[in-house]
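Visitor: Could you take me on a close look at a single part of this model, and then show me how its surroundings are put together? I would enjoy one connected tour.

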Amino acid sequence: MPSLSTGYAPNLGVFLKSLKSQQLEASIENLISLLKRRQIKNSRPCAIATAHLLLRVVARFKWTDVGKLLERIQEVGQRLIQAQPREMVVGNIVRRVLGMIRDEAKEDRNEDASDSASNSQLSSPKRQSSDLGHLRNAGGPPTAFSPLRFDSKDVVQAMDSNSDDSFGSKSSANHRPPLITSHTSYAVTNNVPVQHSMFNLLSAMPSPLATPPGVSSPQGRSSVNMSSVAHRAAASSNDLKAEVISGIEEIIDELDQVDEQIASYAQEHIHSNETILTHSSSRSVQKFLLKAAEKRKFTVIVAESYPNDHEATHAAVAGKSKSSLDDSDDMDSDTFLKPLPKAGITVIQVTDAAIFAVMSRVNKVVLATHAVIANGGLIAAAGARGIAKAASFHKTPVIVVSGVYKLSPEYPFEFESLIEYGDPGSIISYHDGPLVDSVEVDNPVYDYVPPHLVDLYITNLGAHAPSYLYRIVEDHYKAEDTNFHNPEFQY
Amino acid sequence: MDDTASTTRKTSTISSPNYSAASPSFYEGSTTPPPLTGHPPGLNRMATVGNVPQSGAGGKSEAFDIVKTYHRLLAEDPELTMPVAAIEALIELLVQSRAVTVFETLDLVKTQSDYLKSRIPNSISLSAGTDLFQRYMISSLNPRSTGNFDAVRQHLLSNGRLFVSRAKAGRERIANYGRHFVRDGSVVLTHGGSRVVGALLSKAADASASGGNVRFNVIYVMNDARNSESKAVVSALRAKGVPVATIPEGAVGYAMGKVDLVMVGAEGVVENGGIISRLGTYQIGLLAKAADKPFYVAAESHKFVRLYPLDQFDLGFDQEVIKFTTEDEGEADEYGVKTPRVVERPEYFGAPDVPETPIEAVDYTPPGLVTALITEGGVLTPSAVSEELINVWW
């Protein structure tokens, strides 16, 4: 087994501390084993750990060219995903970083427009420029690739808004130039400059009949890279590296601030004297409610989500320090969160069985998520689907609170595969020998909630309908990265 | 229709096209193609501006008839979809034309597209192709872009076969990706003769044959009016080793309980993400929704068409599916039922859509019934369709 040489009780905080002292490879193995043992679990800790690890990977990377760096990140990402495939945020963060590197590299390349011929080759995997390039360049001479420069501004802007902390929805609207045919898919393959647009049927490709080998695979891309990048690698690689690192740092910052950003929308959605039903313990939801409580008086009904999360839920209501229950979280500020009743909220704690009974009195349901899928559905703590179904029966609006980092571009072919089963011992104790012998006990940890049961998503970008999520996916992930860990799903 | 090609300049004689009068017979002697019913009106304004500038070309151009070309292309290659055939026909038109200016060319393509659409009863699918072609030309000939006229024209003329092969490659990609939706042990319900669905299911069958762990069953909804096509699909699947059950259309509701997913093709995908597809798709969609089964549509993105049907009867052409008659009129057949006017043609499966085909009855399946669209660009939610179209049109 990989080294846990640090000897601390392993959790997120310890892992982050150990990053500084450990060898990189040991850190990777360390995180893999932590993920496998679920010593780091749940979306946010996993995302933070992944981002920090990738930061180290980039920092330690012996720079040759961008293609190699992408390969390296993909390789590390693949291992992390294999360690814990159901923590979908790990893959999300890796994809964000990959996309960010691609953007930075392209920006870099465009600034250095001296070798436009190789530019045209290189930039074709980038969906935005490739489309514009092809459109404008239909059959034209290679010099016509100058519009790339124009395009690059948009991409830079897009990149900025992507990694911008404030993540204003305004900026995400801005960065879509009108004719750029963006890729509205959420289950696309990697590496292939796929048909992003209806125009691709007719567009002029550099070489007809097939995508040129130089752009169709990361290896090929890097070999093309070598020619153009090598001669100025020395000059620009340090800049690029610094930019990539600061990009990852921005992602980390985003992870830190995501709950506050979501909470800032709270007062638009929670009104005075409303009754809100929520479920399980979630930092995002708790902050959301606390923020609303600064101005409003309302009632919160908390379903305890027995048996996987009830202790944490009780703690959130009663104000006990959560850190003793969930040690992987102790590096963040959970302990400073005010319990809901102290903020002036009337809290009613109910058992999960009472959800349907109280639903008729509820004005809104606020759900936390484990992961959000690009079709608009979500994976949440077990019981969420029952709540959503009860809410739809009573026509009660269901609001889902989730950071954008939880939004995964993967399209699952069967949703059952996303649901994890936990320790049945928490339902029936193993001391109860006769019962354990005679029954089968299932303890699903998550539920899949289909998109039609959700009315609104509130992310750090604002509020969106479930049918709009594909758009956000597209803004945050590059199509060629979507299935980077799973070449089987390549076209 | 020689007169169409040999016309002279005729600028504003049909300045206010009357939609309801746009029947082929009305325009029999006219030189200007009529506007398409139900087509976005913005285009009709342009349609009146100019006309086919082929008169000067003489000789060769007189032989060109876009409708015949379209039918010939479809007949030649059974794998060709209607939008791609329309694009091919337009490329042949460009080959024939001597248009030298951008405007002339655009106008020629426009008028000929409209003419073609007016001569095909159900022009929804092919209009996806003609629209795409026109938008492509407009955006690549845009003065702001760098594409110059000769280069664009040359590109289009020389790559006709490439577009066809790309379209077919797109189908392969859909099949390759979509086959993952067919899981081990699942039961797939399908109907119609969609080539994409056929490719998808046979890919899935290949996966099971080559040792992949996918053993699936297919329930195929037989269509009496298209018996030979149904039989061809069924036997093709059975030949691949896929157990197929055939059920009549009336048994879809009965069978739905055993079904894990529904997979259908589409003739056109409309703006809101709904689909235009073989008559019977809508009811299958409704039954799948009622039984809470996923309803997937496999369609290439060149089938996306800018149309927003409000209901079944808003497709822009009359299908004569519902026709009220009494005894006196002698119209009703012996059962008093007027079945959709679809003529059984044994040669259909080899050569779809030859000119004499009466309207292939279609219906409109609203987006609420569609779980996801499997396109060559990935799996889309219905709401993503409008964005693809917006990207092309604006």
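Guide: Happy to! A word on terms to begin with: helices here are DSSP runs of H or I with at least four residues, strands are runs of E with at least two, and both are numbered from the N terminus. Please keep in mind that this is a predicted model.

With that in hand, let us go to A:S305, which sits in the loop between β2 (299-303) and α14 (310-318) of chain A. Is A:S305 buried or exposed? Its relative accessibility is 4%, and because buried means under 20%, A:S305 counts as buried. Setting aside neighbours within four places in sequence, A:S305 is in contact with A:H279, A:S280, A:H310, A:T313 and A:D352.

Now let us step back to the chain around this loop. Chain A has 18 helices and eleven strands, and 62% of its 491 residues count as buried. Of the contacts in chain A between residues at least 6 apart in sequence, 78% join residues at least 24 apart.

Next comes the nonpolar interior. In soluble globular proteins, nonpolar side chains tend to be buried together. Here the largest nonpolar core has 74 residues, and A:F15, A:I73, A:I93, A:V97, A:L289 and A:F298 have the most contacts inside it. Helix α3 (residues 43-60) of chain A gives this core its largest share, ten residues. At least three residues come from each of domain 1 (12-258) and domain 2 (261-476) of chain A.

At 6% relative accessibility, B:T69 is counted as buried. Not counting residues up to four places away in sequence, B:T69 touches B:F64, B:A89 and B:E92. B:T69 and B:A85 are 16 residues apart in sequence, with their C-alpha atoms 8.8 Å apart.

Our last stop is helix α4 (residues 82-96) of chain B, which packs with helix α8 (residues 160-178) of chain B at an angle of about 175°, the axes being 10 Å apart. The two helices, α4(B) and α8(B), are therefore roughly antiparallel. In this contact, B:V84, B:E88 and B:I91 of α4(B) meet B:G160, B:R161, B:F163, B:V164 and B:A167 of α8(B). The residues of the contact comprise five nonpolar, one polar and two charged.

Methods:
Residues numbered from 1 in each chain as written. Chains lettered and ligands numbered in written order. Predicted model: local features only at pLDDT ≥ 70, side-chain atom pairs only at ≥ 80, totals over all residues. Heavy atoms only, no water. Axes fitted to C-alpha atoms, helices over the stretch in contact; angles between N-to-C directions. Parallel < 35°, antiparallel > 145°, perpendicular 65-115°, else oblique. Contact = heavy atoms within 4.5 Å. Nonpolar A, V, L, I, M, F, W, Y, C, P; charged D, E, K, R; others polar. Core = buried A, V, L, I, M, F, W, Y, C linked by side-chain atoms within 4.5 Å. Buried < 20%, exposed > 50% of the residue type's maximum accessible area, 1.4 Å probe, protein only. Domains from an automatic or database assignment.
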